[in-house]
Every structure is written in C-alpha cells, then in structure tokens.
Amino acid sequence: MGCCKVPALIQAQVQMGLVNDNEHKGLFRRDSDSPQAKATSLMMEQGGSFSANFRDRSPNNTVLQSFKIVILSNKLNLLLPFGPLAILLHYLTDNKGWVFLLSLVGITPLAERLGYATEQLACYTGPTVGGLLNATFGNVTELIISIFALKNGMIRVVQLTLLGSILSNMLLVLGCAFFCGGLVFSRKEQVFDKGNAVVNSGLLLMAVMGLLFPAVLHYTHSEVHAGSSELSLSRFSSCIMLVAYAAYLFFQLKSQPSSYTPLTEEMNQNEETSDDDEDPEISKWEAIIWLSILTAWVSLLSGYLVDAIEGASVSWKIPISFISVILLPIVGNAAEHAGAIMFAMKDKLDLSLGVAIGSSIQISMFAVPFCVVIGWMMGAQMDLNFQLFETATLFITVIVVAFFIQEGTSNYFKGLMLILCYLIVAASFFVHEDPHQDDA
C-alpha cells in the first residue's frame with residue numbers, strides 16, 4: 001500500500017500542524033535501524049517534506065498499469081458503473097428518485113479516488129503546495145455540487161449541503177471515531193492534543209459568528225437598506241473569512257509550524273509499526289491527468305444529481321432539507337468517515353480530529369465563503385443567512401462539540417453521545433419544512 005492511501009486531509013493536516021507529525025510518520029514507519037528510515041526521520045525533523053524522497057523515485061507506469069492502480073485496486077470502485085447507469089436512466093425514464101440515488105452512489109468512489117490522486121500529487125510538491133492541494137481538493141465534491149446548484153439557482157441546496165457537511169463531520173464522524181476507539185481501548189481513556197482542539201473550536205465559533213450576524217440582521221428587521229444590507233454583509237464577511245483562512249494556513253505553514261505539537265506524542269511512538277511502502281504509486285503527471293479526469297466525471301454526475309434532487313424529494317416524500325443536510329454529506333464524506341474511525345481504532349486521535357474537525361473548518365471557513373463569492377460573480381444572491389433553524393443548529397453543535405473535546409480525552413460514551421446528537425439533528429431536519437424550499 002502506497003504512502004498516499006490515507007484519507008484526503010491527513011497530509012494537509014500534518015503539513016499545517018493540526019495533527020501530530022510523529023503520529024503521521026508512524027503510519028509509514030519502517031525498521032528504525034534501516035538507513036532509509038533514519039534519512040526520512042532526519043528530513044522530517046529538519047522541516048522537510050516527503051517530496052524530496054519521492055522526486056527521484058517517480059514510477060514509470062504504462063497506461064494499463066496506471067489504470068490498474070487507480071481504478072482496479074480499490075473495491076469501492078465496484079460502485080463506479082452506477083454513474084453511467086444514472087445518466088442512462090435520466091434519458092430513459094422520468095423517475096428522478098432512481099437517478100438521484102444512482103448518481104449519489106456513483107459519486108462515492110469518485111470522491112475517494114479524488115482524495116487518492118490529490119495525495120499522490122502532493123507527494124511531489126513542497127509542504128505549502130501540498131497542504132493547499134489537500135485543503136482544496138479534500139472537499140472538491142461538495143464544492144462541485146454546490147457550484148452546479150448555484151448555476152441552477154438552487155441557493156438553499158448549496159447552503160444546506162455545506163451545513164450538512166459541517167454537522168456530519170463534527171457529530172457523526174467524530175462520534176463514530178470516539179465510539180469505535182473507545183470500544184477498542186475500553187480499559188483506558190484515549191487522549192489527544194487539547195491545544196489543537198481549543199484552537200479549532202475557536203475557528204469554528206468564528207465561522208458561526210459569520211453566519212449568525214446576517215441571520216440576526218434579517219430576523220430583527222434592522223437592515224439599513226432592506227433586502228441589500230444582508231447580502232452586502234454576507235459578501236463582506238465572506239471576504240474576511242477567506243482572508244482569515246489564508247492567514248491561518250500561512251501561520252501554520254510558515255510562521256509557527258511547530259506551535260501545535262501534541263503534548264502526549266510519546267504515547268503513540270511505540271503503538272504502530274507498518275510495512276507500507278513510502279514510494280508514490282503513480283507519477284506526477286499521472287496524478288494530474290487522473291485528477292482532471294476524476295474532477296470532470298464528478299462534475300458531470302453532479303449535474304444530473306442536482307437536477308434530480310427536487311424530483312427525488314417529491315418521489316420519496318422526503319424534504320429537500322433532509323436530502324441536502326443528511327444524505328449528500330454522508331456520501332460525499334464517506335472516505336473521511338472510514339479514515340477517522342480507522343485512526344481512532346489505532347489510538348491516533350489527533351489524526352481522527354484532523355479529519356473530522358479539520359474538514360469542518362475547511363468547509364465553514366473556506367467552502368462556504370468561497371461559494372458566496374462565486375455566487376457573487378455568477379450574479380446569484382448567495383448569502384450567509386442560513387435561516388434561523390439551521391444557524392441555531394450549527395451554533396448548538398459547535399458548542400456541544402467544544403465541550404466534549406475541551407478536556408483532550410475521549411471514550412466510547414462521548415462518542416455515543418455525539419452520535420445520538422446527530423440522530424436528533426437528522427430527525428429534526430426530517431420534520432423541518434424549509435420556508436424557502438420553493439425558491440431553492
């Protein structure tokens with residue numbers, strides 16, 4: 001198994017200092033006495049990246065070999081035929097429910113392979129470029145779906161899908177990680193870096209603040225210019241949030257790259273050994289080509305998916321808000337869900353938090369304001385007013401998660417509580433009628 005067969009975001013989290021670098025190295029650790037392992041360790045201590053080792057070991061695969069590595073090596077890719085089947089049904093039948101379901105299933109392996117191709121490409125870049133690649137393409141599925149929805153004027157679908165990704169990562173992904181890790185290590189309390197958790201909670205609260213003020217402005221009817229002040233505030237706040245996220249990346253990568261090293265790194269140094277090969281499996285240009293192909297395929301399927309959302313809602317008699325907040329994010333983040341659980345079961349909670357909380361930060365501080373700016377360019381009135389019910393749900397979720405991670409410890413009971421909280425949220429959206437559903 002190659003160096004990059006871990007969920008998207010892990011490489012970025014290591015490069016940004018969000019997770020323990022020593023824990024990450026544990027995934028690829030060889031015999032500590034080997035010269036190659038010592039050389040790799042020395043590079044990491046000196047602030048180097050994996051790229052220096054990889055540039056001279058670029059594999060020379062044929063087209064068939066590359067296809068086998070990227071497509072045939074993953075069992076999840078058995079779901080790929082559902083994509084073309086969804087397109088076929090779109091033209092042969094009017095059953096939007098089946099088109100939506102098959103498109104959703106067909107996008108699942110593509111999202112995982114996008115993460116794989118991104119990480120393979122990141123192997124050949126420096127830490128800055130690699131971190132930005134993973135931060136951008138880690139949530140590329142959600143971004144593509146959102147852009148297509150914006151193009152179709154479905155602003156509420158965009159807002160609800162992004163909101164659902166944040167809620168899913170903070171409650172379901174983190175809850176499952178805590179629960180599974182707690183069951184495996186039931187006789188001890190798992191620990192993670194409390195400093196990272198506090199900083200991440202602060203960033204999430206800043207994102208909530210950006211979403212809260214436009215909603216409050218709308219519902220208190222205190223706008224200076226009715227109908228325009230709310231939109232102007234949203235666009236201004238989005239630009240500020242993007243600047244804050246860029247500053248955050250710069251701070252992590254350049255200013256103080258070691259400022260968030262976990263205090264309990266010794267607990268994980270002897271936990272995990274691996275025979276994983278450290279070489280990338282495909283070359284740089286192969287990664288670029290596959291990234292382009294996969295992105296184009298996701299874009300194509302996303303168009304049919306978005307087009308079938310309203311029809312699926314009517315056919316299944318399920319609110320659009322439930323489909324957007326619950327169903328879409330679970331499928332789009334399937335690879336990250338599995339990765340977070342896997343690392344928790346190996347007693348690597350910092351990596352699990354890097355997946356769950358790190359992805360929530362990227363969506364709330366980057367994807368949401370980015371969609372507002374893109375909508376601005378497209379002439380769509382996308383704003384940060386997610387409505388009172390949705391904003392309150394996000395605010396309470398961030399507070400609950402902040403309380404659960406403030407101690408820097410986890411167990412199966414905390415995980416169970418987070419999962420149950422997510423079930424309450426899911427049930428709430430199942431019975432919630434969106435007042436702006438007709439405009440979506």
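1. Ile107 lies in helix 7 (residues 96-122); helices here are DSSP runs of H or I with at least four residues, strands are runs of E with at least two, and both are numbered from the N terminus. The model is predicted, so local features need pLDDT of at least 70 and side-chain atom pairs count only at pLDDT 80 or more, while totals for chains, interfaces and linings use all residues. Residues are numbered from 1 along each chain as its sequence is written, and side-chain values use heavy atoms, with hydrogens and water left out.

2. Ile107 counts as buried because its relative accessibility is 2% (buried: under 20% relative accessible area; exposed: over 50%; partly exposed in between; 1.4 Å probe, protein chains only). Not counting residues up to four places away in sequence, Ile107 touches Thr141, Leu301, Ser302 and Leu305 (contact: heavy atoms within 4.5 Å).

3. In helix 5 (residues 63-72), the buried residues are Ser66, Val70 and Ile71. They fall within an arc of 100° seen down the axis of helix 5, and therefore line one face of the helix; the arc is that of the directions from the helix axis to the C-beta atoms. These buried residues pack against helix 7 and helix 14 (284-316), whereas exposed Leu64 and Leu72 sit on the face turned away from the buried side of helix 5.

4. Helix 18 (residues 388-405) has buried residues including Glu390, Leu394, Val401 and Phe404. Among the elements covering them are helix 10 (155-184) and helix 17 (349-378). Leu388, Ile396 and Phe403 are exposed on the face turned away from the buried side of helix 18.
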